[in-house]
Structure formats: structure tokens, C-alpha cells
Amino acid sequence: SPFYGRIIEREDQLARSYDYVIIGGGTAGLTVANRLSEDPKINVLVLEAGIPDQKEGIAILPRYLGGTMRTVYDWNVTTVPQEFLGAANSVQSLTIGKVLGGSSVLNGMMFDRPSPQDIDAWEELGNPGWNWQRLLPYYKKSETFTPPSPEQAARFGITWDPAVHGTQGYIQSSYPNYIYPLNQNFQDALISLGLQQSKDQAGSAIGVFWSPNNLNPHNQTRSSSRSGYYDDFTRRPNLHALTSRHVTKLLTDKSGGEVKIIGVEYVEAGKSQTKYVIKAKKEYILSAGTVHDPQILQLSGIGPKTLLDKHQIPVVVDLPGVGNGFQDHPMGHLILNLANVVHTPYEMEINATWDAEQKALYYKNRTGAWTAGGPNSVAFLPLGNYTDRAADIISSYSSQDATDHLRTGLDGSVLAGFKKQHEVLLRHLSTAKMAAMEFMWLSGANRRYQMPFSMAIQHPFSRGFIEINSVDPFVQPTIDLRTASNPVDLELYVEALKFQRKVVQTPAIQALGPSEVRPGSDTVTDDEIRQYFRGSISTMFHPSGTSGMMPREIGGVVDSKLRVHGVKNLRVVDASIIPLIPASHLQSTVYAIAEKASDMIKGDQ
Ligand SMILES: Cc1cc2nc3c(=O)[nH]c(=O)nc-3n(C[C@H](O)[C@H](O)[C@H](O)COP(=O)(O)OP(=O)(O)OC[C@H]3O[C@@H](n4cnc5c(N)ncnc54)[C@H](O)[C@@H]3O)c2cc1C
């Protein structure tokens, strides 16, 4: 067919049948599509609600990091008012990708990994085979790591361990040709406080470390699931992507005793009168992301019975976990102005001459500050590393009844699951092997200030939810992060700010002539600090957990082969299956999950 080998545009270009239909061509969706279509006999269709980006600056240049937010490539969804936060930041926007490549086209390009314990905890929740040792090969499989140049390695002291990196994967991880010197001040400051520096974050992400970006080292542009797993494979005749197609529900059949998916219903964007149905011979794979997976499942009658009854949707599978278990990394800031002039991404915004010089360098030979955007320097710290109140905090969590601060009306199975998570988290957080807080200089991910430090809680005990509030698939589901609903989470921020202020006092930061812009000198007491965070914490864009991988008896949505409980031929593969959010930015883990899932699906063929 003349249409093979590209993104197809019309229904009459579809193949007669597909073995797999993948709902959502995002980070995980395109990974699975690539791997399944390696077998030329297997036909794969991806249905993606967004359009392909045009490789414009905001989508591919580190200089314009963040520029896709609130554009056509963003679903532009917002939360309901957050009752545990202050009025000023009560309604939050939650950027998520609506584009071929999904959130990997919008993300902050930080390419790090969690610590082994973060993944081992998944196995402890009843998922055999989901531990660090078994997932590490998939982190490696998805990555091609390029070490920093010898000059950069020598100048900044960047070390790495080739044993934990991949060399054949489709996602490029590398250091930009230009590294902002402030990354070094940040490292030096933390080391001067006695913190350990890891040789390589990719095998043990504790302490302060250098991190690469998802950056193509050859042309210094973003590496995304689209550039890595899709663009070079469009000549495969058995891989089709149909964009601008919004999936509205899954069609189910219960007649044989077990529940089966018998088709996917979708519409073309802007033409919702005409409904199409496409069928898969083997399986359906839901990769629509943490916000939309539960919406699609619930609209299809798979979800909590009480919610389905409320909307008069016939119950196909009563699965109380669907949409519950939402987790994210809420993020707060300490912001400095610097008296001593150093180059920062902020300078791009105020110094047109410097920006133009850097632009010229970029287009001449891919050097200069336009190559840099995503953060390269970060610290993931266990409680005992940044506060002497670690024991108090652990005991505040452990003296709670695990279900004290959850939303009301949850099914017993979901409560049992959270009890189990509570236990697993407390066991690990009291060791030096699980990070509780991430500290980072945001680099180009926040270009409004010279020195925005972020602080993000890594293992919140608060849980949010996503649920439909209409049977209309085009109405955004209710997104309730419930940030800080567990009050002990806020205590971690109080301690984090005090620690961050100590960091500012170190010679490495003092050399920059810092003055605190936020929260500022009138925020001193614990109560003032709590108020500050209530009024300012926002999401770090790491939504996960709404199709949690756990046994059904404890509120799980998918089993350890990522099959939806109670449904024969449906898997979920993306960030929503993460049962406990790890201490890391999420993309490397999403790729690893998708690579592992692809092998499991092939194995079951
Ligand atoms: C602004 C931002 C910054 C981030 N920064 C970083 C970072 O620096 N480092 C890092 O590691 N991670 C970062 N992340 C997180 C990381 O990018 C995500 O966790 C990851 O990309 C999620 O992958 P996914 O496959 O679960 O979902 P997505 O990649 O979002 O894919 C879901 C896809 O499904 C499609 N879809 C949804 N509903 C439907 C429907 N009804 N019909 C058809 N298609 C549908 C969507 O359009 C989308 O393409 C960031 C994320 C964002 C948004």
C-alpha cells in the first residue's frame, strides 16, 4: 500500500486487521508499538489523540524547554480546588502531553533513575519479578548513554559507571555540550555539608550526583519516544499510527463468562458525531497515561461500582482501585537572586545579546548555552541526611492509622492496599537507602529566576484520585491531587527548607552573592514555613499510580503482567501502573516498564 510507512491520516488507509491496538501514542505507547512491530507478521495500530509536533523549537530545542506547556501539545487540564493547600495555588494546571510521543515531548529532560529499593518495594506489594535486578536490564535496553566529553568530565568531576548504562537503546542520554557552572556550585555546596557523591546515579541514586538529559549528543536536540522509537521505524509496513483520534471507550463482551474487550471506540478530533470502532485480534493495550487511563476504563464500565452507579454506567468489572492511588512529586522552591554575575538560563530572557551569541554558536556547531536546558545536578537524600528530626517524622507517620488521611468512601480493598504501602514505605524510609526528598537547581526548567532551588517530596503518604464527572468523554475527569492531605508530608518540607538554607550558607553558594527572594526573611518559624509551602507547592508533573499494579484484594488494577484484573485481553502500560512512586523523575522508569511489558506481551503470544 502507498500509505504504509507513514502516519496514516484517514480511516480508509487502515489495514484490514490488527493484532494489537495501542491506545495512546505517548512515552510508553510508542515504545510498546515499536517492540511489538519488530515481528513483521504482527500488525500494530496506535491511536493518539494529539497531533505530531512539527519539530519546532519548543518541541526539540533545550533552549525552549517548557515552551510546549499550555499549547496545543498539552491537554491543558486543571485540578479541582486543593483543600489542603492555600487559596493562591489551590487550582493547579497539570501539564501532560497530547502529541505523538506524549509527555516525552514536553518533559524537563532530566534523565535519571531511582534507587534499587524504590523498585524492590513494588515486588513487596505483591508483584513477583518487579525488582531492581529484573528491571535494570530494561532501563539499559531503552538507553544509549554517551559519557561527557573528557574536558567536561575533568572540569566538573563527572563520573559514571558503564556497567549500568545501555549502549543500544533508542533513547539517547547524554550531557549537553554546555554545562552551566552553577551546577558545580550546587555539587560543591552539598559535598561541603558532608554528603556523599555517587559515582553514577543510574545504579544507585542516593546522595548528590550529576545526571544526563534525554538529549541526542549528535545534534543536541530532545530525545523522545517519538524520535527514538517511532521516527526511524515509519517504513515498517506493519506499524500504523493514526493521530488526532480520541478514544472514547472500550467495547466489552461478557457473554462467554469472562470479560473481553471486543473493540475500541474513537472519534476524530473535532468531529465527534462520527464514531469508529477498531478491533484487535490479540490484545488491547491502554497507554493513555495516568489521567486518561482511568477515565477510559471508567467510561467502559471498569471501575468502582459506586462511581459507575452514580453515572448509570453498567458495571462490567467492579474494580475499586481504578483512578485511586494517584501519586505525584509535589514541588516547592527556595529562590535566590545572585549579585555576582554568572551565566544562568534566566540571562537568556533578559540579555538579548548573550542569547543571540549562544544561538549563533548553536547553529554553527551545536555548542553554547542553547544546548543546555534540563537540570544536570541533583541530590536525592534519605531523611537522615538532611534533618535531625528523621526519627520524629517516621514516628509521626507510623503512629497514624494508615487510612486516617485518605478520602472517605474508599473500598476496603483499596484501604488494605494503602496499609500495605504504608508499611513498605516506613520500612525503607527509615534506612539510608531510600530518598525522602529531592533537591535540585532547576536550570532551564525555570527560567524566571537566577537560582531557583526545587525541593520535592519523593514518597508522599498523601493519595489523590482521578474520576469521571460526566459520561461525556470530552469532559475532563476530576483531578484531585490531594497534595498535603497527610499533614506529615508538610513536615518534610519544613525540614527541607531549613536544610536548603544551610546549603545557601556554604561558601560555594555564598561566592555567588545570594539573596533570598522566596520565601524571604519573614518566613522563619515552622508554622510560617508550613504556610509558605501550603501557598506555593505545585506538581512536578509526575502523575502516576491510578492503575496500580497490585493484587486485586489490595486494590490493584493490573496484575504483575499488567493485565487488568478481571479482563481477558487488556493491559495497561504506562506511568499509571506504578504502585509506589519512585524517588526519581519518571521517564526512564516508564521506558523500562514499557520495554519489560513488550517482552511479557511477546512471551504470551
Ligand atoms: C512538563 C513535564 C515535565 C516533566 N519533566 C520530566 C523530566 O525532566 N524527567 C523525567 O524523567 N520525567 C519528566 N516528566 C514525566 C515524564 O515525562 C512522564 O512521566 C512520562 O512521559 C509519562 O509517560 P506515559 O506513557 O505514562 O504518558 P504520556 O507520555 O503522557 O502518554 C499518554 C498518551 O496518551 C494519549 N491519550 C490520552 N488520552 C487519550 C485518548 N482518550 N485517546 C487517544 N490518546 C489518548 C496522550 O495524548 C498521550 O500522547 C515530565 C512530565 C511533564 C508533563
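At what angle do helix H13 (residues 390-398) and helix H15 (residues 487-505) pack? In this predicted model, the angle between H13 and H15 is about 170 degrees, and their axes lie 10 Å apart.

**Confidence of the model**

- The average pLDDT of the protein is 96, and 99% of the residues score at least 70.
- The scores of the model are ipTM 1.00 and pTM 0.98.
- Residues 1-5 are a stretch where pLDDT stays under 50. For these residues the model has six contacts beyond four places in sequence.
- Where pLDDT is low, predicted coordinates should not be read in detail.

**The helix pair H13 and H15**

- Helix H13 and helix H15 pack at about 170 degrees. H13 is therefore roughly antiparallel to H15, because angles over 145 degrees count as roughly antiparallel.
- On the side of H13, the residues that meet H15 are Ile-393, Ser-396 and Tyr-397. Their counterparts in H15 are Val-488, Glu-491 and Leu-492.
- Sorted by class, the contact of H13 with H15 has four nonpolar residues, one polar residue and one charged residue.

**The sheet of three strands**

- Three strands form an open sheet in the order S17-S22-S23, and their pairing is antiparallel.
- Strands of a sheet pair through backbone hydrogen bonds, either parallel or antiparallel.
- Strand S17 (324-326) and strand S23 (478-480) stand at the edges; each has a single partner strand, so one side of each lacks a neighbour in the sheet.
- Direction ignored, neighbouring strands of this sheet are turned by 30 degrees against each other on average.
- S17 and strand S22 (residues 464-467) run antiparallel and are joined by two bridges. Phe-326 stands opposite Gly-464 in S22.
- Helix H8 packs on the sheet, where H8 touches S22 and S23. The direction of H8 makes about 45 degrees with that of S22.

**The surroundings of the ligand**

- The ligand is surrounded by 41 residues, of which the closest are Gly-24, Gly-26, Gly-102, Gly-108 and His-585.
- By class, the shell around the ligand has 16 nonpolar, 22 polar and three charged residues.

Definitions and conventions:
Residues numbered from 1 in each chain as written. Predicted model: local features only at pLDDT ≥ 70, side-chain atom pairs only at ≥ 80, totals over all residues. Near = placed C-beta within 6 Å. Nonpolar A, V, L, I, M, F, W, Y, C, P; charged D, E, K, R; others polar. pLDDT = per-residue confidence, 0-100. Contact = placed C-beta atoms within 7 Å. Axes fitted to C-alpha atoms, helices over the stretch in contact; angles between N-to-C directions. Helix = DSSP H or I, 4+ residues; strand = E, 2+ residues; numbered from the N terminus. Parallel < 35°, antiparallel > 145°, perpendicular 65-115°, else oblique. Pairing = 2+ DSSP bridges.
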